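Visitor: I am new to reading structures. Could you take me through some features, step by step?

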Amino acid sequence: MANDQEKEAAARASLRFIRDGQVVGLGTGSTAAFFIRLLGEQVRDGLRIRGIPTSVRSKELALSLGIPLTTLEECQEIAVTVDGADEVDPELRLIKGGGGALLREKVVASATRQLVIVADATKRVPVLGKFPLPVEVIQFAQALVAKRIAALGAEVRLRAESGIPFVTDENNHILDCHFGEIPDADGLARQLSDMPGVVEHGLFIGMVSTALFAKGSEVVELHR
Ligand code: 5RP
């Protein structure tokens, strides 16, 4: 079972990728939050970095810790981003978006030289797809997109709580798409990207440099 100690251990292991003077992407989710808190301690001890958060949540956390921030307006090159994931396959392809921040996360990842994923070992899977794939859609198109994704073999659910749809930081909705196993993640990623109304999907392919998985007190490091 994943626990907070493992999340923190993975987050701690990522600190050695951060150097003074860098622009650092700040991921979203409970494991990324451990990283942001640890980074905050280093900033307090004198580390000089500027962060680009991937969500309003992570921005608020970073500000509360006194981490200096910048924006993609000011800076379009990010040295390192540390983020979590919902699933990671042997080729370091990911499913992300369980926390609803996949759009900004992917934009930040795309501007990043070194994307470091931090996770507990339960996130390692042989094949992606057990975790429902989040797809961010414009509200206008959500029923149409849901029908098209269902035709690809998924059970599609609009993310909602007590009947109220979840709204992303970019004011869109999320469809959670239960595929079971995704035998061709690259092909599915292309099909979803080609669907009008889809803003972004949670398959992150060819983006990760390093993944750090914690199990107990041990951290396994994989590179691509
Ligand atoms: C948010 C994400 C998160 O990184 C992902 O859901 C993992 O979160 P956690 O570390 O809490 O398990 O993609 O959109």
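Visitor: Is Val 23 buried or exposed?

Guide: This is a predicted model, so every value here is computed from it. Under 20% relative accessible area, a residue counts as buried. Val 23 has 7%, so Val 23 is buried.

Visitor: Where does Val 23 lie, and which residues does Val 23 touch?

Guide: Val 23 lies in strand E1, residues 23-26. Leave out residues up to four places away in sequence, and Val 23 touches Arg 50, Ile 52, Thr 70, Cys 75, Glu 77, Ile 78, Ala 79 and Val 80. Take Glu 77 from that list. Val 23 and Glu 77 are 54 residues apart along the chain, while their C-alpha atoms are separated by 7.6 Å.

Visitor: Which residues of H2 are buried?

Guide: Thr 31, Ala 32, Ala 33, Phe 34, Phe 35, Ile 36, Leu 38, Leu 39, Gly 40 and Val 43 are. These buried residues pack against helix H1 (4-13), E1, H3, strand E3 (78-83) and strand E6 (112-120).

Visitor: How do the axes of H2 and H3 cross?

Guide: Look at the distance and the angle. The axes of H2 (residues 30-44) and H3 (residues 56-64) come within 9 Å and cross at roughly 25°. Therefore H2 is roughly parallel to H3, since angles under 35 degrees count that way. The crossing of H2 past H3 is right-handed.

Visitor: Which residues meet there?

Guide: From H2 come Ala 33, Ile 36 and Arg 37; from H3 come Ser 58, Leu 61 and Ala 62. Sorted by class, this contact has four nonpolar residues, one polar and one charged.

Visitor: And how do the axes of H1 and H2 cross?

Guide: They come within 8 Å and cross at roughly 55°. That angle makes H1 oblique to H2. H1 also passes H2 in a right-handed crossing. On the H1 side, Asp 4, Lys 7, Glu 8, Ala 11 and Arg 12 make the contact; on the H2 side, Ser 30, Thr 31, Phe 34, Phe 35 and Leu 38 do. The classes here are four nonpolar, two polar and four charged residues.

Visitor: What follows H2?

Guide: Gly 46 does, and its phi is positive, near 120°. Leu 92 is one of them, with a phi of about 60°. Asn 171 is another non-glycine with positive phi, at about 70°.

Visitor: Where is Leu 92 placed, and where is Asn 171?

Guide: Leu 92 is in the loop between strand E4 (87-88) and strand E5 (94-95). Asn 171 is in the loop between strand E10 (164-165) and strand E11 (173-178).

Visitor: Do they count as buried or exposed?

Guide: Apply the accessibility reading again. Leu 92 has 2% relative accessibility, so Leu 92 counts as buried. Asn 171 has 52%, so Asn 171 counts as exposed.

Notes: Residues numbered from 1 in each chain as written. Predicted model: local features only at pLDDT ≥ 70, side-chain atom pairs only at ≥ 80, totals over all residues. Heavy atoms only, no water. Axes fitted to C-alpha atoms, helices over the stretch in contact; angles between N-to-C directions. Helix = DSSP H or I, 4+ residues; strand = E, 2+ residues; numbered from the N terminus. Parallel < 35°, antiparallel > 145°, perpendicular 65-115°, else oblique. Left-handed = near helix turned anticlockwise from the far one by under 90°. Contact = heavy atoms within 4.5 Å. Nonpolar A, V, L, I, M, F, W, Y, C, P; charged D, E, K, R; others polar. Buried < 20%, exposed > 50% of the residue type's maximum accessible area, 1.4 Å probe, protein only.
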